[in-house]
Each structure stands twice: as structure tokens, then as C-alpha cells.
Amino acid sequence: MTISKLTLSKARVLVVGDVMLDRYWYGAVDRISPEAPVPVVRVTREEERCGGAANVAFNAATLGAQASLLTVVGDDEASHKLEALVATTGIRTHFGRDSDLKTTVKLRVIGRQQQLIRLDFENTPNHEILAGQTAIFENLLPQHDAILFSDYGKGGLAHVSDMIARARTAGKPIFIDPKGSDYSRYQQATVITPNRAELQQVIGAWHSEDELRNKVSALREQLQLDAVLLTRSEEGMTLFDAAGQLHVSAQAREVFDVTGAGDTVIATMAAMVGAGLSLREAVPLANRAGGLVVGKFGTATVSYEELFA
């Protein structure tokens with residue numbers, strides 16, 4: 001399935017959720033520390049990228065869709081760095097600020113082409129500023145073709161049930177990248193996109209495709225979801241909907257880094273459905289985009305030209 005660049009450029013995707021700043025410190029590893037049995041990394045280069053919901057919005061924008069980002073950040077150095085990064089992407093930003101919040105930073109130390117350690121800096125926003133975001137969300141809703149909630153479990157989606165209800169009433173397709181074991185708050189979404197480990201947390205282990213299909217069907221019915229898109233790494237992905245299931249195999253390629261691949265998949269789904277495709281038409285494109293991005297290092301994106309090459 002191909003979609004023209006012009007059609008895609010008219011698709012408007014609103015991304016709501018937890019943003020973060022992804023920092024990378026690259027360096028040479030020449031020796032083991034005399035203080036402890038750990039490598040010594042002599043840092044030679046630093047890089048910063050959009051992370052979390054900001055990476056999701058960046059993926060939608062890189063594909064050629066119009067992306068907006070609604071989120072809460074701190075009033076700290078990391079938030080200003082992130083805002084400056086996002087400003088270069090063409091994403092329309094709606095940043096709520098909470099001076100008590102520490103903007104989430106994921107710092108990855110890289111040596112010899114592999115991640116040696118990741119350090120996370122974060123805390124949780126208070127509910128008052130999140131409630132204020134709900135009012136902004138309501139104003140933005142009519143201006144968008146697809147609504148995407150990127151949940152990283154950092155507290156930025158405390159009011160997600162209310163937002164889903166409003167989006168549903170407005171007739172918008174709703175995409176959820178879920179987190180945690182309680183999916184009841186995602187009730188009435190159009191599609192959720194868990195990976196295997198995330199889905200297992202909710203429905204338990206499965207020992208056959210039939211058992212998986214039955215468990216997902218029960219989950220769909222319980223939560224009144226149109227579909228569940230299960231991302232399965234090297235096994236590709238499977239869409240479960242009212243018509244049954246659609247499976248697409250993984251693209252055969254070298255996997256360099258799976259960081260942010262889920263962001264690319266859901267952003268592609270939302271952009272394509274926002275441009276007029278059905279969920280089933282969008283799945284092979286999202287699968288191809290995910291296959292392309294794992295061949296890149298760190299949080300990355302896929303362009304229209306790469307996807308339809």
C-alpha cells in the first residue's frame with residue numbers, strides 16, 4: 001500500500017504523553033578501573049535527542065505528517081534543551097511547566113559500539129498541572145485527525161481516561177502505547193500497541209497462538225477496543241480486530257538497536273490512519289518502518305522516502 005506524500009502531509013497527529021531527553025555519551029574504552037571491575041569510558045562526544053512522546057511526534061513529523069505535542073516538563077536545563085531540539089523539527093508544541101518536576105533524562109554511556117549503562121533522572125508531575133493540560137487537549141482535539149497517547153509510566157497521563165472519552169465522542173481514532181498492568185484506563189481506545197512482555201503483564205503467559213487469540217479477544221471485549229496490535233520483535237506483528245487477525249512477518253535485516261522502535265511503529269500507524277488508511281492497511285507500513293529503525297542506533301526516525309523506497 002502506498003500513500004502520496006501530499007496526502008500524508010495533510011494528516012494531523014496529536015501526541016500526548018511523557019517526554020524525555022535522550023542523552024548519549026560516546027567514548028573510548030581502553031582499560032578497566034582500578035577502583036572496581038568496570039570499564040573506564042573516556043568520553044569523546046555527546047549527543048542529545050528527543051525521547052519518549054517527543055520521539056513519537058518526531059517520527060510522525062519525519063514521515064511527513066503534521067505533528068503536535070502536548071506534555072508536561074520541568075523548568076530545568078533538560079526541559080529547555082528538549083524544547084530547543086523539538087523546535088527544530090516542525091512539531092507544534094504545547095508544553096506545560098511544573099517547577100517541581102524534574103524533566104526525565106535518560107543518559108546512555110556508549111563504548112565500543114554498545115550501551116554500557118543507562119542512568120535515568122526523573123520524578124512525577126503533580127495533578128494540578130495535568131488537569132490544566134486536559135483543557136488544552138479539548139481545544140486541540142477538533143484540529144487533529146488522529147490522537148496518540150504515549151505512556152511511559154512517568155505520570156504525564158494521569159487523566160488519560162477522560163481524554164480518551166473526549167476523543168471518542170469527537171470520533172477521532174485513538175492510538176495507545178501502553179504501560180503497566182492496568183489497561184482499564186485505556187478503555188474505548190481504537191488500538192493499543194503492546195509488545196510481548198507488556199501484553200503478558202496484563203493477560204498472562206500463552207502457550208499457543210489459539211490461546212493468545214482467545215485472551216486478546218477477551219481483553220478487546222472487556223476494554224471495548226477496536227483492535228490490539230501486538231509487536232513481536234523478530235516475529236513481526238499481529239493485529240487482532242473484529243475481523244480476526246492479520247500477521248505480518250518481520251523485515252529480514254540486521255538489528256542494531258531496538259531503542260524507540262515502538263515509537264516508530266505507533267507514530268506510523270497514527271500518521272497513516274490520520275491520512276485515511278484503515279488499520280489493516282497501515283500495519284504493513286508500520287512493520288516496515290519498525291524494521292528500518294532497528295537498523296539505526298538509538299532513538300531514530302524513518303522518512304517518507306525510506307519507507308516507500
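Me: How many of the residues of H9 are buried?

Reply: First, some ground rules. This is a predicted model, where local features need pLDDT of at least 70, side-chain atom pairs count only at pLDDT 80 or more, and totals for chains, interfaces and linings use all residues. Residues are numbered from 1 along each chain as its sequence is written, and side-chain values use heavy atoms, with hydrogens and water left out. Buried means under 20% relative accessible area, exposed over 50%, and partly exposed in between (1.4 Å probe, protein chains only). In H9, 11 of 15 residues are buried, so the helix is mostly covered. Among them are Leu 279, Ala 282, Val 283 and Asn 287. Helices here are DSSP runs (H or I, at least four residues), as are strands (E, at least two), numbered from the N terminus.

Me: What does Asn 287 touch?

Reply: Contact means heavy atoms within 4.5 Å. Leaving out residues up to four places away in sequence, Asn 287 touches Gly 236, Met 237, Val 248, Ser 249, Ala 250 and Gln 251. Asn 287 counts as buried because its relative accessibility is 7%.

Me: What span should H9 have?

Reply: The expected span is 1.5 Å times one less than the number of residues. For the 15 residues of H9 that gives 21 Å, and the end C-alpha atoms are 21 Å apart, which agrees.

Me: Which residues does Val 273 touch?

Reply: Val 273 is found in helix H8. Val 273 touches Pro 173, Phe 175, Ser 278, Leu 279 and Ala 282, not counting residues up to four places away in sequence. At 15% relative accessibility, Val 273 is buried too.

Me: How much space lies in the largest pocket?

Reply: Rolling a probe the size of a water molecule over the atoms shows where empty space is left. A pocket is an open set of points on a 1 Å grid over the protein atoms alone, where a 1.4 Å probe fits, with protein on both sides within 12 Å along at least five of seven lines; lining residues have an atom within 4 Å of a point. The largest pocket holds about 930 Å³. It is lined by 38 residues, and the closest to its centre are Asn 195, Val 258, Gly 260, Ala 261 and Gly 262. H8 gives the most to this lining, with four residues.

Me: How are the rings of Tyr 24 and Tyr 26 arranged, and what is the angle of their planes?

Reply: Rings of Phe, Tyr and Trp (its six-membered ring) pair if their centres lie within 6.5 Å; planes under 30 degrees apart count as stacked, over 60 as edge-to-face and the rest as tilted. The count comes to six aromatic pairs. Tyr 24 and Tyr 26 have ring centres 6.2 Å apart and planes at 20°, so they are stacked.

Notes
Grid points are joined across faces, edges and corners, and a volume is the space filled by probe spheres set on the points.
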